[in-house]
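Please open the model in your viewer and keep the selection panel at hand. The stops below go from one selection to the next, with a short account of what is found at each.

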Amino acid sequence: MTAVLQVRDLRLWYGTARGSVRAVDRVSLEIDAGSVLGLVGESGCGKSTLGRGILGLLPEGARADGEVLYKGRNLVTMSPRELRRLRGPDLGLIFQEPMTRLNPLLRIEDHFRETIEQHDSKLTPKDVRRRSLDTLGRMGIPPTRFRQYPHEFSGGMRQRIMIALALVLRPSLLVADEPTTSLDVIVEAQILRILADLKENFGTALLLITHNLGIVAEACDRVAVMYAGQIAEEGPARDVFADPKHPYTRELLRSTISLDTKALHSIPGAPPNLITPPTGCHFHPRCPDVMRVCPAHDPIETQPDPDRRVLCWLHGPEREIPEGGTAPLEREQIAVAEEA
Amino acid sequence: MNQGSSLKRYAITRLALVVPMVFILLTLVFLLMRVAPGNPVSASLGGHAPPAVIKAISHQLGYDKPVYVQYGHYLGQIIRGNFGTTISDRRSVGSIILVNGAATLELTFFAMIVAIFVGMLIGLLSGRYRDSPLDTGGRLFGIIVYATPVFFLGLLAQLVFGIWLGWLPISDQASPITQALLQTHTNIFFLDAIIDGNWSALWDITQHLILPATTLGIVYGGVFIRLIRVNVIRTMKEDYIEAARARGINERSVVYHHAFRNALVPVITVVGLQLALLLGGAILTETTFNWPGLGHELYIYLQNRDYAAVQGIVVVFALVVVAASIVIDFANAFIDPRVRY
Amino acid sequence: MAATASVRLQRRTVGMRRALGPIAEARGMARTMLWTGVGVTLVFVLMAIFAPIISPYGFDQYQSGGHRFAQLARPSHAHLFGTTVQSTDVLSRIVWGAQTELEVVGLALAFGLVVGVPLGLIAGYFGGPFDRGTVLFMDAMFAFPPLLLAIVIAFLLGSSVNSGVLVAAIAITITYIPQYFRVVRNHVISVREEPYVEAARALGAKPFTILRRYVFFNVVQNVPVIATLNAADAVLTLTALGFLGYGVQPTQGAEWGYDVSRAVSDAASGIWWTGLFPGIAIVLLVTGLTLLGEGLNETINPVLRRRSIRKVDFGAPSLEPETEILDP
């Protein structure tokens, strides 16, 4: 299995008046062709930034450091013009909010024609039309609606149109940023099925960003759990959910509501400030298993199993932990550590 | 959904809404004129006419009837297209509109073209290159130009281009010779010259048009600059712009096909609103350049305290603005499919 | 009691600070515009206030010490901007004119706010037939070319009201009330639907309390921008009225627009100083007011606001402390 995407030690920081926001703070991951990687985390953990940063679509004032290798080519150091040429035929992005992502003055036909002609101007209008209708058809949009305007479609249909637009040039890597968050459950199921089919029909590598663990369990091969700009844990979806290694993952799973839920469980505390994140392990102020070493030293990534990674001192290399570091941290010391 | 039917439906709804507004406008003008102190007849006759004459004319024009009767008469006349007769020189307001209204139309039309051109050119560039020296320059230009009263700019234009350089005429719609030789078809000199195929007349008319139209157009173009610029900035932030970039559309296409086009849509509405302002400015321009338009006539009739004339002309102005706003709304509905109800 | 009073005072100062906050944060273009606008406007305000002291002569003074000034004299040491055909000093008329302009505009703004803002608040918040009726009425007023409306009103009032300043002020007010009304009403309507207003209603707050505490403060933020931009327009309308001979009469005060109208006949003879200086005065004052308004708009309006961005520095020292937090 060749890796379509290899992210190595990526940092994506935003500049603000109060200091740099460390939205993504040294993240590494890999996605193979035809594979779906789910990226989960709370709001504000940096997963959206990561998704867009990989494609080079960050706003003003953001800077990138590290490597993003798409089929061996580093996107971070690529010129904007080359990067733009990759968008469409190689890289695709599906946004969260489909209602506002289409130009209200243009017909669907115009959107497709523009996208295709930007990248392949030699195609005849008939070919352009055929390709567009073909992709739209796979998304369940009939050809009779090709010449309609965006406002004539429902939210779910607009999302399907957006997916078709992203796919019409057959990209090898697709990033879906919370594609179903603003849609109802039934439409969500339809969209997920479409995304799941991608690997069958197109062999696309998919990065599925979401805060919904259920979607990940259903649609993803692998999952990466993100917290405060870092990957807390990563591995095959089924294994991670059955046997979470990182306390955060465990707490997340416990917080999920199902028909068996008798009492609501939540993780105490609030997501951290990304300008001045907590020292050492970013999760330590809220961690039920926190140890003395946690606020003192940055955790080192280990592989508890061959196919899994975790960033936590509980699984950390023994020799790196100083004397007495594994003793549990008292709560008031946590408060002190937080202020430090 | 059929495009034709939704447009039609929009048209009917829009027209229906206009009726109460026109009604209110007409009533407002009627009341305004009745608020004026003194007898309208004696005022417009210079206040020296003998009482018997005043009484006779008042009776003839119906001013001695009760107010509501006058109101009914007034509305009835307007529906039939009769806007009244002036007291001082017994011309029908209708004929004034035909002749002088055409002159105002000519001036306003060309001024609007200048305004839109100036506004679009500078506004689009300003918004696109926001905060660059080009933007700063453009905005400053827009502000200063709007701050310049149209009569002052007119005065300067006359001084520079008319008197010191001697390039262009500084008053009137056309030279007396041209006016004598021109056949009247539409009363719009520019069109009449074209219809006649009279090219020397057309040249003369154009020369007379340049200073007033450009003066009026530049001043009101300043407003467009501000507006278009803000719209361009706002549009560039829209979600579909980001989505287009994510599909690899190059920046030039994004700017021209998406941003500029969408930014200009609300401008069409503003053109309609600006028409009201432009007509106001036309009054000043016509006075400065001695342009024989409705504004000029209004000014003279106001001086003569001819209430009937003033009433008639004001009604026409207001109705023109209402009509223009309807046209603009239609254009808007045609361009932006979301507007149709 | 003292505690609640001080809390209330605190809340109000916090509110004020929050309102003025964006102005302090203003950067770049917005800031330049804002402060330039303030500066220019201030010059004219001072000119207006200290006119009796600054101005070399009275606004209609055509003689001094028994002998008459020269007619249409070029700018000279005695008359820095020259004289008019009536032997009045151009510079003096500019200085006194500042007083006229600001007086009228100030009055017009005050009237407009006092009438337009409450109307907009009530119509916007309560809706219903009052709202519909007022909107229809205001929309009809919008259909009038504003200058036309002002001219007609000034014309009608001119014979019954003595003070030209008042006539002009009222004419301008009536022209701008629809604008204040519309802006305030639209803003109130959007604020009305906000969750926090709904929450207050659910908690049983009386309508006037809601209006006063939430809606008014929110809406009032828009008013300074509209007011300054309207002030700019009002000056233009006033000078236009003066140009046509309405509003302030030549016996009651100096008015720049009127001076330009007198200068039109001078132009044919190549005399430029009688028209150029009043005209430039108008341009400067209106530009100053517009810059002030635009600067305010850029700083307050969140759509246009630009937050300052500091550059990212990846090389900053890491957060890991050198010492260990462990018991000795």
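**Stop 1: the nonpolar cores**

Begin by selecting A154(C), A168(C), A171(C) and V235(C), which touch the most other members of the largest nonpolar core, a set of 168 residues. A nonpolar core here is a set of buried Ala, Val, Leu, Ile, Met, Phe, Trp, Tyr and Cys residues joined through C-beta atoms within 7 Å, and a residue is buried if 20 or more other C-beta atoms lie within 10 Å of its own, exposed if 12 or fewer, and partly exposed in between, with C-beta atoms placed from the backbone. Helix 10 of chain B supplies the largest share of this core, 16 residues. Apart from this core lies another, of 96 residues, among them I108(A), A205(A), A224(A) and V290(A).

Before moving on, note that this is a predicted model, in which local features need pLDDT of at least 70 and side-chain atom pairs count only at pLDDT 80 or more, while totals for chains, interfaces and linings use all residues. Residues are numbered from 1 along each chain as its sequence is written, and chains are lettered from A and ligands numbered from 1 in the order in which they are written.

**Stop 2**

Which residues are in contact with A154(C), leaving aside its neighbours within four places in sequence? They are V167(C), A168(C), A171(C), L241(C), Y246(C) and G247(C), where contact means that the C-beta atoms, placed from the backbone, lie within 7 Å.

Next select residues 223-244 of chain C, which form helix 10, with 22 residues and a reach of 30 Å from first C-alpha to last, close to the 32 Å expected at 1.5 Å a residue. That expected span is 1.5 Å times one less than the number of residues, and helices (H or I, at least four residues) and strands (E, at least two) are DSSP runs numbered from the N terminus. Helix 10 of chain C is mostly covered, with 19 of its 22 residues buried, and just after this helix G245(C) takes a positive phi of about 95°.

**Stop 3**

Colour chain B by secondary structure to see 14 helices and zero strands. The C-alpha trace of chain B spans about 85 × 55 × 40 Å along its principal axes, and buried residues make up 43% of its 341 residues.

Now show the contact between chains B and C, which takes 39 residues from chain B and 39 residues from chain C. On the side of chain B that touches chain C, the largest share, eight residues, comes from helix 12 of chain B. By class that side has 31 nonpolar, six polar and two charged residues, with Ala, Val, Leu, Ile, Met, Phe, Trp, Tyr, Cys and Pro counted as nonpolar, Asp, Glu, Lys and Arg as charged, and the others, Gly among them, as polar.

**Stop 4: the two domains of chain A**

Select domain 1 (3-105 + 168-242) and domain 2 (106-167) of chain A, whose bounds come from an automatic or database domain assignment. Their C-alpha centres lie 23 Å apart, and the contact takes 26 residues from domain 1 and 25 residues from domain 2. Helix 6 of chain A gives the most to the side of domain 1 that touches domain 2, with four residues.

**Stop 5: confidence**

Finally, colour by pLDDT, the predictor's confidence in each residue, from 0 to 100. Chain C averages a pLDDT of 79, and 84% of the residues score at least 70. Over residues 318-328 of chain C the pLDDT is below 50, although this stretch has 16 contacts in the model beyond near neighbours in sequence. Where pLDDT is low, the predicted coordinates should not be read in detail. For the complex, the predictor gives an ipTM of 0.83 and a pTM of 0.75.

Methods: Contact = placed C-beta atoms within 7 Å.
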